[in-house]
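Good morning, and thank you for coming. Please keep the sequence and the structure in view while I speak, and follow each part as I name it.

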Amino acid sequence: MSETIKIKKGLDIHLKGEVEGKVASDTATRLFGIVPDDFPGWKWRLTVREGDHVAKGAPLLEDKSGKGMKITAPVAGTVSEVRRGERRKIEAVVIEKAADEDCAQLSVNASGSRQELVKALCESGLWALMRQRPYDTVPDPEVMPRDIFVTSFDSAPLAPELISASDTEAHKAGLAILAKLTEGKVYLGIRDDANLNSDIARVYEFHGPHPAGNVGVQIANIKPVNKGETVWALDSRTVVRIGRLFTTGELDTSAEVAITGPEVKEPKMVKTTVGASLGTLLKGELANPSDDRVISGNVLTGWKSDPARDFLRWPYRQVTVIREGAHADEFMGWASVSPKKYSVKRSFPAFLRGLSKPFDFDARIKGGHRAMILSGEYDKVFPFDIYPEFLLKAIMAFDIDKMEQLGIYEVAPEDFALPEFVDTSKIELQKVVREGLEKLRNEVG
């Protein structure tokens with residue numbers, strides 16, 4: 001029997017280009033890339049060189065701290081490129097898929113000790129897919145979490161379902177493994193229409209708009225994180241991968257990706273693999289390639305990407321394409337009263353037609369950067385018992401005492417995606433929070 005939680009604050013952004021049940025199989029992708037920046041909190045070093053052959057599940061990178069965490073290859077093939085940026089920072093490890101796929105031998109035992117389970121997850125690379133609060137980083141294997149939180153749905157714009165009926169048994173097996181990793185409880189957040197029951201996890205049913213699917217919101221409404229406590233967070237797709245690892249002994253790197261957005265000719269689901277080349281996934285799908293912005297992820301938290309050279313980024317489940325809007329020419333501009341112009345503040349008459357109808361957004365921010373205005377606009381879409389403006393100001397000033405008092409340990413950058421969307425001041429709030437968390441971790445760690 002699940003408990004019910006109603007999320008009242010938030011905003012569902014209705015964007016054109018929703019998937020309507022069409023599923024395609026990706027068989028053409030030959031290049032796959034892993035981006036170390038997708039796994040924050042640790043410094044990673046290469047364990048391979050260009051030209052090396054790697055098996056599926058073999059390590060590509062390992063943490064420099066020596067705690068045994070690895071990031072592994074999603075496919076078998078040859079390391080064709082190690083991309084580096086400034087100061088030789090590793091930006092991506094690129095693999096050219098081989099015709100015959102061989103898999104690395106992973107030692108797993110579902111009935112093993114906690115230490116053995118942790119080691120297996122670290123060796124397989126699945127450990128790096130989890131996150132911890134505070135700091136929103138890959139968890140420290142040496143720290144016992146107070147609790148573990150799992151979200152089974154994504155409420156972001158045009159987001160796909162995380163699991164299907166065929167994943168049920170693997171999901172149960174994954175929850176059983178997670179229960180052995182904590183002395184506390186495993187909590188499972190489900191959508192109000194989901195049919196996911198569990199004898200292992202404590203189930204909470206969430207109603208309400210985005211960000212109801214964010215695991216941070218679920219933690220805050222179930223059992224918030226206090227100073228000195230650590231909890232782990234992950235989604236149900238990662239739980240399914242964990243379950244399959246311990247039941248089959250093989251690493252599951254498959255991904256069902258939603259190709260969405262108003263600039264996609266035919267929105268659909270694509271069965272592919274973690275880290276797939278965006279160029280191949282989007283070949284022939286863009287309505288206007290010269291003026292399209294490709295986002296690996298959703299429009300609120302995803303990464304602006306170049307399909308000619310970039311790859312599907314963590315959490316590997318969505319690609320969104322919208323117009324850049326660089327050449328937009330609107331009659332009367334900001335003074336227009338067109339019902340096609342979207343505004344949550346009723347600045348335009350779009351609210352008369354209803355904001356629940358899909359809009360054709362573009363990437364323009366439609367305004368200049370300015371000082372933060374304490375107008376309460378963040379609070380309307382921020383379902384935490386936190387004053388967001390005051391917390392952000394404390395982060396900008398790096399006032400550690402104020403940051404702690406105002407709830408910095410509860411939040412992650414994605415929790416500020418909606419405040420960033422409605423922000424009159426056009427401040428990159430997610431970037432502010434990420435930089436603040438990193439500085440705080442280095443300071444008080």
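P134 is found in the loop between β10 and β11. Please bear in mind that the model before you is predicted. The bond that joins R133 to P134 is a cis peptide bond, with omega at about 5 degrees. Phi of D136 is near 55 degrees, which is a positive value in a residue other than glycine. Why do we stop at such residues and bonds? Because most residues other than glycine have a negative phi, and most peptide bonds are trans.

There is another cis bond to point out. The peptide bond from W314 to P315 is cis, and its omega is near 10 degrees. P315 belongs to the loop between β18, residues 303–305, and β19, residues 318–323.

Let me return to β10 and place it in its sheet. In which order do the six strands of this open sheet stand? The order is β1-β13-β12-β11-β14-β10, and the pairing is mixed. β1 and β10, the latter being residues 131–133, stand at the edges, and each has a single partner strand, so one side of each is left without a neighbour in the sheet. From one strand to the next, the twist averages 30 degrees.

Strand β1, residues 3–6, pairs with strand β13, residues 202–207, in the parallel sense over four bridges. Within this pairing, the bridge partner of I5 in β13 is F206, and K6 stands opposite H207 in β13. Strand β12, residues 186–191, pairs with β13 in the parallel sense as well, over five bridges. There, Y187 has R202 of β13 as its bridge partner.

I turn next to strands β5, β8 and β9. Strand β5, residues 53–54, and strand β8, residues 77–84, pair in the antiparallel sense over two bridges. H53 stands opposite T78 in β8. On β8 we also find the pairing with strand β9, residues 90–97, which is antiparallel over seven bridges. T78 stands opposite E96 in β9. How many residues lie between β8 and β9 in their hairpin? There are five residues between them, and R87 in the turn has a positive phi of about 55 degrees.

Now to the helices. The axes of helix α1, residues 114–124, and helix α4, residues 236–248, come within 12 Å and cross at roughly 110 degrees. That angle makes α1 roughly perpendicular to α4. Which residues make the contact? On α1 they are L117, A120, L121 and S124, and on α4 they are I242, L245 and F246. The residues of this contact of α1 with α4 divide into six nonpolar, one polar and no charged.

The axes of helix α7, residues 388–397, and helix α10, residues 429–444, come within 9 Å and cross at roughly 55 degrees. α7 and α10 are therefore oblique to each other. The crossing in which α7 passes α10 is left-handed. From α7, the residues L392, I395 and M396 meet L429, V432, V433 and G436 of α10. By class, this contact of α7 with α10 has six nonpolar residues, one polar residue and no charged residues.

My last topic is the aromatic rings. Nine aromatic pairs are found in a search of the whole structure. One of them is formed by F382 and F416, whose rings have their centres 4.9 Å apart and their planes at 40 degrees, so the pair is tilted. Where in the chain do F382 and F416 lie? F382 is in the loop between α6 (350–353) and α7, while F416 is in the loop between α8 (400–405) and α9 (417–422). The pair links distant parts of the chain, since the two residues are 34 residues apart.

Thank you for your attention.

Key: Residues are numbered from 1 along each chain as its sequence is written. This is a predicted model: local features need pLDDT of at least 70, side-chain atom pairs count only at pLDDT 80 or more; totals for chains, interfaces and linings use all residues. Side-chain values use heavy atoms; hydrogens and water are left out. Axes are lines fitted to C-alpha atoms, for helices over the stretch in contact, and angles run from 0 to 180 degrees between N-to-C directions. Angles under 35 degrees count as roughly parallel, over 145 as roughly antiparallel, 65 to 115 as roughly perpendicular and the rest as oblique. Contact means heavy atoms within 4.5 Å. Ala, Val, Leu, Ile, Met, Phe, Trp, Tyr, Cys and Pro count as nonpolar, Asp, Glu, Lys and Arg as charged, and the others, Gly among them, as polar. A crossing is left-handed if the near helix is turned anticlockwise from the far one by less than a right angle, and right-handed if clockwise. Two strands pair if DSSP finds at least two bridges between them. Rings of Phe, Tyr and Trp (its six-membered ring) pair if their centres lie within 6.5 Å; planes under 30 degrees apart count as stacked, over 60 as edge-to-face and the rest as tilted.
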